[in-house]
Amino acid sequence: MKRNTDKDMEQNMATDIIEAAAESVEEDTAEITFKSFGIREELLKAIERKGFVTPTPVQQKVLEVGSFDNDMIVRAKTGSGKTLAFLLPLLRDMKHRERSPSMLILSPTRELAQQTAREAEWLTRFLDISVVSLVGGLEMSPQLRSLREGAAIVVGTPGRTLDHVERGSLDTKNISCVVLDEGDQMLDMGFRDELEGILNALPKERRTWLFSATMPTEVRELANRYLKDPKIISLVHDGDQHEDILHRVYMVPSRRRFEGLVNILLWERPKRGLLFCHTRLESIEIAQKLQDEGFSAAALHGEMTQRERNAVLASFKSGSMPYLVATNVAARGLDVEGVTHVIQVGLPDDRETFVHRSGRTGRAGNEGIDLVLLSPLEAGRFKMMLRSTQMKIEWKDVPSLDMIHAVQRDVAEEKLLTTPVASDSAYLEWAGDMLERADAKVLVAKLLEALHSRTAKGYSISADLERERERRQRAPIREESGARTGAMRRSAVGSARPHGTMTRLRNTGASRQGGGNDVGRILNALCSALKVERGAVGAIRLKDDYVMVELLPEALSRLEQGKAGLAKWGLYPEDEGYAKPRASDTRTRTRDAYDRKKRRGDEN
Ligand code: ADP
Ligand code: MG
């Protein structure tokens with residue numbers, strides 16, 4: 001994070017004209033080190049050993065506060081160093097040999113909790129303090145043992161932590177500070193009840209610190225309820241562009257998304273790519289198909305055991321497996337060094353998800369590339385999702401087969417023509433021998449073939465994309481015609497009537513209200529949640545556990561902000577290409593039970 005170099009400065013000083021600028025550079029970075037903030041010796045030693053010199057901006061801002069007795073809300077981008085920003089001030093006053101839990105950090109996922117626990121461990125290396133992580137999916141007994149042996153710093157996921165509170169194994173009476181890390185994500189994952197359960201069990205006299213990159217309404221509500229006069233430190237503005245991340249959207253034909261992905265990987269050639277998709281099934285399928293194509297890839301999702309998750313992460317981190325296909329479980333907080341590309345397959349659920357996923361690259365000042373694969377239909381929604389932001393996005397069509405072949409040829413030629421061979425290489429003699437026995441051109445052709453026998457060849461799909469685009473321009477809703485048989489249509493189809501976009505909503509309202517699932521209810525829900533007139537809603541088609549609604553542009557543009565309102569009616573907008581829960585799941589379970597199941601899958 002140290003920005004200027006002495007050389008830069010000397011050059012600046014050389015000319016009078018820009019002397020002022022040089023001075024400000026000097027001032028900017030002069031001696032802002034961890035030592036400037038009265039951090040205790042033991043921590044400074046650990047930081048030095050880790051090799052960190054300059055605190056990141058969020059760390060500086062927090063440390064500058066100086067007194068840490070208040071509640072606090074900190075907003076900063078992903079990868080900006082929030083973990084140390086809360087650990088350093090909290091550890092400042094901790095007793096050297098604390099033997100009961102005094103600090104609780106709650107994290108949305110097991111990986112993030114374990115990662116934070118590891119940061120706390122190296123940081124407290126010179127203090128006689130121990131750290132325990134309370135995460136689901138791992139055995140209880142080591143956690144119970146660490147707690148009994150006097151762990152002072154507790155890092156946990158909400159579900160498992162509440163378990164320990166309820167069993168009485170986590171003694172909360174000395175907890176003087178609780179950190180809600182990635183607060184937005186915890187609420188997204190449906191941990192509200194657990195969080196409240198835990199917060200209510202903590203001593204009233206305590207500090208509550210909320211760290212989050214985004215502040216959606218639910219987070220503000222939680223903050224209002226549980227934080228007292230929080231000091232607010234914000235290093236982000238909504239819609240801020242992370243300047244180290246380049247966003248590039250690739251348009252792919254909707255029915256040949258995987259083929260599009262293969263072409264993009266062959267074209268972009270990511271060194272280490274973290275792929276995101278929507279469902280567990282999708283992650284497994286994509287990873288499997290990538291392997292079939294000759295890529296080294298594995299899935300990471302919430303229903304793997306912790307052991308499996310750790311193993312997959314380890315081979316991704318070591319570089320032996322360059323592609324990891326993850327569900328959103330891995331989207332937050334996960335810090336893997338050297339992720340060169342984030343690849344989002346399909347439309348992200350919302351802006352926050354988009355920002356968080358792309359934040360897995362471009363960490364700690366390195367540049368990263370964020371690729372998003374979208375069908376023409378999704379592209380429109382994506383633009384809408386980002387309409388109030390200043391984000392710069394590069395738009396491209398899926399690379400054609402010709403482009404891929406050209407780049408493959410370049411790479412092969414570079415490898416064969418420019419890499420030197422040792423003059424005493426045994427291969428030289430062998431090669432000479434073979435050249436005497438076979439035609440050189442044929443030999444080279446065979447070698448090239450062998451060189452490429454295990455690499456994917458790419459797909460010819462550019463024409464599909466063109467066709468899909470044309471089709472959409474001619475008749476925006478024709479794609480849905482297959483779903484029309486036997487469907488109810490609210491209004492007559494007149495050719496003069498403007499067409500809207502068919503949008504799929506998961507519908508759990510019927511089960512919740514014991515039947516009463518009718519078109520009128522859906523129409524009322526849409527009009528009130530999206531604040532539109534009835535004319536802005538076209539056809540409504542009821543299915544078992546979902547409903548297709550035709551939204552005119554006015555209604556469609558409010559879909560994002562109307563999400564919460566629709567949820568009150570048991571309606572949840574879905575995007576094409578999602579795996580749907582089976583009909584029986586939603587019919588027999590309430591929304592709460594559904595959420596709980598989904599979340600348990602992610603956490604436990
Ligand atoms: P966030 O929680 O904001 O997403 P993290 O706390 O996970 O970010 O930090 C991101 C990465 O930056 C981690 O690998 C961390 O070790 C590293 N990092 C944190 N602080 C510093 C620092 N002062 N100097 C260099 N690297 C740092
Ligand atoms: Mg973090």
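A nonpolar surface patch of about 460 Å² is formed by Leu-416, Leu-417, Val-444, Leu-448 and Leu-451. Helix H17 (401-418) and helix H19 (440-452) are the elements that each give two or more residues to this patch, and H19 gives the most, with three residues. Leu-417 lies in helix H17 and is exposed, with a relative accessible area of 69%. A patch is built from residues with over 30% relative accessible area and no salt bridge, like charges being joined within 9 Å and nonpolar side chains (Val, Leu, Ile, Met, Phe, Trp, Tyr) within 5 Å. Buried denotes under 20% relative accessible area, exposed over 50%, and partly exposed in between, with a 1.4 Å probe and protein chains only. Accessible areas come from the Shrake-Rupley method with a 1.4 Å probe, and for residues only the protein chains shown count as cover.

The model is predicted: local features need pLDDT of at least 70 and side-chain atom pairs count only at pLDDT 80 or more, whereas totals for chains, interfaces and linings use all residues. Residues are numbered from 1 along each chain as its sequence is written, chains are lettered from A and ligands numbered from 1 in the order in which they are written, and side-chain values use heavy atoms, with hydrogens and water left out.

The protein chain as a whole comes to 26 helices and 18 strands, where helices (H or I, at least four residues) and strands (E, at least two) are DSSP runs numbered from the N terminus. Of its 604 residues, 50% count as buried. The chain exposes about 29,400 Å², of which carbon and sulfur atoms supply 50%. Among contacts (heavy atoms within 4.5 Å) between residues at least 6 apart in sequence, 77% join residues at least 24 apart.

One region to follow in the strands is E4. Strand E4 spans residues 153-156; Ile-153 and Val-155 point one way from it, Val-154 and Gly-156 point the other way, and all are buried. Strand E2 (residues 103-106) runs parallel to E4 and is joined to it by four bridges; strands count as paired if DSSP finds at least two bridges between them. Strand E3 (residues 131-134) is likewise parallel to E4, again with four bridges. Val-154 of E4 is the bridge partner of Leu-104 and also of Val-132.

Glu-196 and Arg-192 meet in one of them, at 3.5 Å from N to O. The two residues are separated by about one helical turn because they are four residues apart in helix H10 (residues 192-201). Glu-196 is buried, with a relative accessible area of 15%, whereas Arg-192 is partly exposed at 24%.

Glu-196 also meets Arg-225 in a salt bridge, at 2.8 Å from N to O. Arg-225 lies in helix H11 (residues 217-226) and Glu-196 in helix H10, so this pair ties together parts that are 29 residues apart in sequence. Arg-225 counts as partly exposed, at 49% relative accessibility.

A further salt bridge links Arg-257 with Glu-378, their closest N and O atoms being 3.0 Å apart. Since Arg-257 belongs to helix H12 (residues 257-268) and Glu-378 to helix H16 (residues 376-385), the pair ties together parts that are 121 residues apart in sequence. Both Arg-257 and Glu-378 are buried. Elsewhere, Arg-248, Glu-268, Glu-394 and Lys-396 are joined into one network by salt bridges that share partners.

Key:
Salt bridge = Lys/Arg side-chain N within 4 Å of Asp/Glu carboxyl O.
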